[in-house]
Amino acid sequence: MATSTVDPARPEPSIPPSRPTEADGNQVSAWQSAVASARTEHQAPRAGPVGEKRAVDPSSMSVQEIRDAYGIPDLAGDGILDIKVDGDKTVATKATEDFVQTLRDDLKNGKIAKDSDEAKLLDLIDAQGAIDNGYELYGYAEAIQSGSTTYRESQSDPTKLTGTDVKDLLDEEKVAGAISDLMGKKGISDRYDSALKSALDGVPSDTLDSIKNKTLEGLFSDGKSNAKFEDYIIALKEKATGSGDDGLADKIDKEVGNYFSALKYFDPEKYAARKQEFDQNMMTHQLDGYVADPETVDPENLDAGLRQTVDIWQSGINGVLGAADKGSKAYKEAEAINMYFSDFKGMTDKLGTEDMARMNLALRTVWQELQPVGGAPTTDLQWGRLREVTDQVISDRLGGLSEDARSSFRKFVDGGARTGTFGALTGAMSFVSGGLQLANGGWSDMSGNEKIAAVRDLIGGLSSANDFAKFGSNLVNMGTKSDATAWLGLLDDNFPDIWGSSSHVDSDIAKKVNEAVKTASDKLAADDVGLSLGNLSEADRKDFDDAISKLGEQLGASPDGSMAKKLGRTFVRFMGGAGLDVTGGVMDIVTGVRALKNADTALEKAGAGLSIGGGSATTAMAAMNTIKMFAPNGSNLAARLGGNIGARVVQGLAMGSRVLGPVLGIAGTVFGVAGALIAEAINHQKMQKLTDSQGEFFQRLAGQGVTAGDWGDKLEYARYASYMYGGRDTPEDQSLFAFQKDEWEHFRSTEGERGSSLNRLAPYLHRDGNLREKNLFEKYLSGATSQPGPHGYSYQTDDARPFGDTDMDAGGYDSVNDYFRINVARTYDAEFYKANQAKMETIIERWDEWNGKDSIVSEKDLKKIVADTGKSEEEKAAAQFLLDNNDFRHALDAIREGGSSDSKISSKDLNAWLAQVAPDRTV
């Protein structure tokens, strides 16, 4: 809409039109008929070119019908990495096995150095295997000898730590991130590529040809990009979203991955351009949807879109008022606009997020109702209709606001219509709100003007794509019919002609706004704000700038100017923001966020698309992959940015790690298994070397920064506890360090003595992990670790351990019976009682009736109670509870006998437990 000079004292209906119009009668007729259909016509998103009706309704079609409608081959099943090549092994698993084994062989043969990146990667792969599958740790204790010497006593068979235990020793996310970084280095990724190609050599040629033909047919048509592929993905995504079908959403994600992984393998020359085009079209479609339907935009982004647009408009007004002569046309224009604008801005400064979002939607609704005819109202009838629409919108959307706020809104619409600025502001506001939604709340370090400039540059860059009018029809409609393009500077020669070059806007305020946007845009072109680049070396900085410029050229900028760098940076900024988008839409496919949400492990998360570090997603992988596509060959840039530049490599490792197992091999391949016939001296020497090597393994991981802060104490505790108690002695579903919290805390807070950590153990604080079997401390307490020998001597069994050197005073008891009794209460504690209180109260109340004359309750007695039809349901349920919980029943049975059981629970047994967990209850 054009901007005209206004005399505020002149009656409103007599305001001259801002641009040539038809005769009033025809204009009014067109205006009224357009208003009647404007809401539905202009709120509906479009999937095809402007004016084209959509032929496919995905909600009523099957996936195959949608595929057939667009003519896209089915590649939703096995992709390149999923093909079976060796029995049940996939290409990914086979390549990973060969890759790892080659590294091991080269390390063993001295072809790679022990401190090389390859050797570090092997340690990390072993660490990942331990996280996934557990770690076989050889427990030991430094037994104190006479004098000041110690003798290492070790397990001959290892204790299997679980993956949960290992996660207390290692930082899972840092391990994944370190693997991802090393995989980004050219020498290592080249090795994997070689293994991948070798694995693919085992695939039948007809299988590869079939995948290749499907890939090229789906992504290309007549030598050009096939936009129906994007249509197909959008339609599938719409169907999945509409039906809430997460399974279909996963299949879409996989199929897109299959297509582009295959293209990268079969035709790497075409990959970067086609993948970038796909990403652009998907981003355009999603942004177009936000602009078409502002109800899908989050309130905070509606708030920011309006607030920041008002701010830059006000700065333009103030700029003219401060620079123009008071009697000039420009000054009068600014003064007329400022009369209503400053009041509106003052009102919005007082509103919160939700109210500003409502204000945004209200402005947009007025524009949608009135925008089809263009121009400002020129007759009494048009002014009457404008006010009728405004009053209805205020009633519908702003009813909860104060009268002052609603009055300010009415004046703002009225003034904007009289001056011809209302459409431009509303259009710009819609662009900015949608752009901020795409950025998903990022860019907290960017100014409002910079955010507007970033949105403007993105839309300008996207509009150079061949299919922009198809996927961005609402953007085109909004921009060209609202004159937002002129105010934001999209009519600049650097942007495509799609925005039109015949604007009638001739406003000094618009020029000021345009200048502010350009200034902010130029600043962003040379600033890292919003990019999360980290510390780049000079060489990496050059690689980054080169990649960004090539990306900008792909977006349509001339390679000779600064616009390429500007557009490239802008696109990456939005890929970064959208990479953290969890609001859905097609961008979760482009960015890998869906795969991230579905990932089970940190390694899978790294392969899914985000660099993981410090417990949070720090850099959007989609942005890093975009840079990689245009980075110079051999550049380590993406790895230094924290991104996985070879996602398929890490995905291969993630898939292969569970198949490969821990891949540690220390005992079997390096030292051999210690057999019973090996002499004690030789055995001790080998076992000491073995246990030392395990410590060195964790020490090397600490050197890579992937261990937990207290890994050293935890490893030492795990070793000593495993040896002294005869194993892990912890339930499989719990961490060793959490289950043994009391003893572990004692261990961590106590200094070792005389070269040993035995004194750091506190056996009486140790929880019995299996009440049905005696650990070695219980055997020690019961005297089972020594046997009488001839001539009055006694000898120790293989289960004997030097408990005399541990801290036997912490939490000490009088006997093995006391130790077992306390451990029963540790396992079945007050929380257990509370969780099952109703059944426990029934057991207590009915106990005297249950136990009969002998004061005991057997399993047979409990079964009779359950079968007795005369018993209440509550009583039968309580008896069934004891039958169902065998371990608890055994613990009650053996609570006073140090673990010995006769399969009968006495009143004294039950009271011994109740005294510890519910001391106010007894039978």
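**Group meeting: a walk through a predicted model**

Let's start at one spot. Asp 483 is found in the loop between α20 (473–482) and α21 (484–488). Keep in mind that this is a predicted model.

Most residues other than glycine have a negative phi. Is Asp 483 buried or exposed? Its relative accessible area is 6%, and the cut-off for buried is under 20%, so Asp 483 counts as buried.

Asp 729 gives us another case. Here phi is positive too, at about 50 degrees, and again the residue is not a glycine. Asp 729 lies in the loop between α33 (711–725) and α34 (736–739). With a relative accessible area of 15%, Asp 729 is also buried.

Now step back to the whole chain. The chain has 923 residues, and 53% of them are buried. Its secondary structure comes to 43 helices and 14 strands. Take the contacts with a separation of 6 or more: 72% of them are between residues 24 or more positions apart.

On to the inside. In soluble globular proteins, nonpolar side chains tend to be buried together. The largest nonpolar core in this model has 187 residues. Which residues have the most contacts inside that core? Phe 99, Phe 409 and Phe 431. Helix α17 (residues 422–439) gives the core its largest share, 10 residues. 

Look at Phe 431 on your screen. Setting aside neighbours within four places in sequence, Phe 431 is in contact with a list of residues that includes Val 291, Val 455, Ile 459, Leu 475 and Leu 490. Gly 479 and Ala 484 are among its contacts as well.

There is also a second, separate core, of 32 residues. Among its members are Tyr 833, Ile 843, Phe 888 and Ala 894. Hold on to Phe 888.

Next topic: rings. The count comes to 39 aromatic pairs. One example is Tyr 828 with Phe 888: the ring centres are 5.0 Å apart and the planes meet at 55 degrees, so the pair is tilted. Why does this pair tie together parts that are 60 residues apart in sequence? Because Tyr 828 lies in the loop between α37 (816–827) and α38 (830–835), while Phe 888 lies in helix α42 (residues 886–894). Tyr 828 counts as buried, at 13% relative accessibility. Phe 888 counts as buried too, at 2%.

Rings can also link up into a cluster. One such cluster holds Tyr 140, Tyr 717, Tyr 720, Phe 737, Trp 744 and Phe 747.

Take Phe 747. Arg 760 lies over the face of that ring, 4.0 Å from the ring centre. Lys 470 does something along those lines elsewhere: its charged end sits over the ring of Phe 471, 5.7 Å from the centre.

Now take Tyr 140. Its bridge partner is Ser 154, in strand β5. Strands β4 (residues 140–144) and β5 (residues 150–154) pair in the antiparallel sense, over 5 bridges. How many residues lie between the two strands of this hairpin? There are 5, and Gly 147 in the turn has a positive phi of about 80 degrees.

Two long-range contacts next. Leu 531 lies in the loop between α22 (508–525) and α23 (538–554). At 5% relative accessibility, Leu 531 counts as buried. Val 572 is 41 residues away along the chain, yet the two C-alpha atoms are separated by 7.3 Å. Beyond neighbours within four places in sequence, Leu 531 is in contact with Phe 544, Arg 569, Val 572 and Arg 573.

Then Val 816, found in helix α37. Val 816 counts as buried, at 14% relative accessibility. Between Val 816 and Glu 778 there are 38 residues of sequence separation, but 6.3 Å in space, C-alpha to C-alpha. Not counting residues up to four places away, Val 816 touches Glu 778, Leu 781, Ser 782 and Gly 898.

Last stop: Glu 97, in helix α3 (residues 91–108). At 18% relative accessibility, Glu 97 counts as buried. Which residue does the side chain of Glu 97 join in a polar contact? The side chain of Lys 89, at 2.7 Å.

That's the tour. Questions are welcome.

Definitions and conventions:
Residues are numbered from 1 along each chain as its sequence is written. This is a predicted model: local features need pLDDT of at least 70, side-chain atom pairs count only at pLDDT 80 or more; totals for chains, interfaces and linings use all residues. Side-chain values use heavy atoms; hydrogens and water are left out. Two strands pair if DSSP finds at least two bridges between them. Helices (H or I, at least four residues) and strands (E, at least two) are DSSP runs, numbered from the N terminus. Rings of Phe, Tyr and Trp (its six-membered ring) pair if their centres lie within 6.5 Å; planes under 30 degrees apart count as stacked, over 60 as edge-to-face and the rest as tilted. Buried means under 20% relative accessible area, exposed over 50%, partly exposed in between (1.4 Å probe, protein chains only). A charge sits over a ring if NZ of Lys or CZ of Arg is within 6 Å of the ring centre and within 35 degrees of the ring normal. A polar contact is a pair of N or O atoms within 3.5 Å; within protein, one must be able to donate a hydrogen and the other to accept it, and residues adjacent in sequence count only if both atoms are side-chain atoms. A nonpolar core is a set of buried Ala, Val, Leu, Ile, Met, Phe, Trp, Tyr and Cys residues joined through side-chain atoms within 4.5 Å. Contact means heavy atoms within 4.5 Å.
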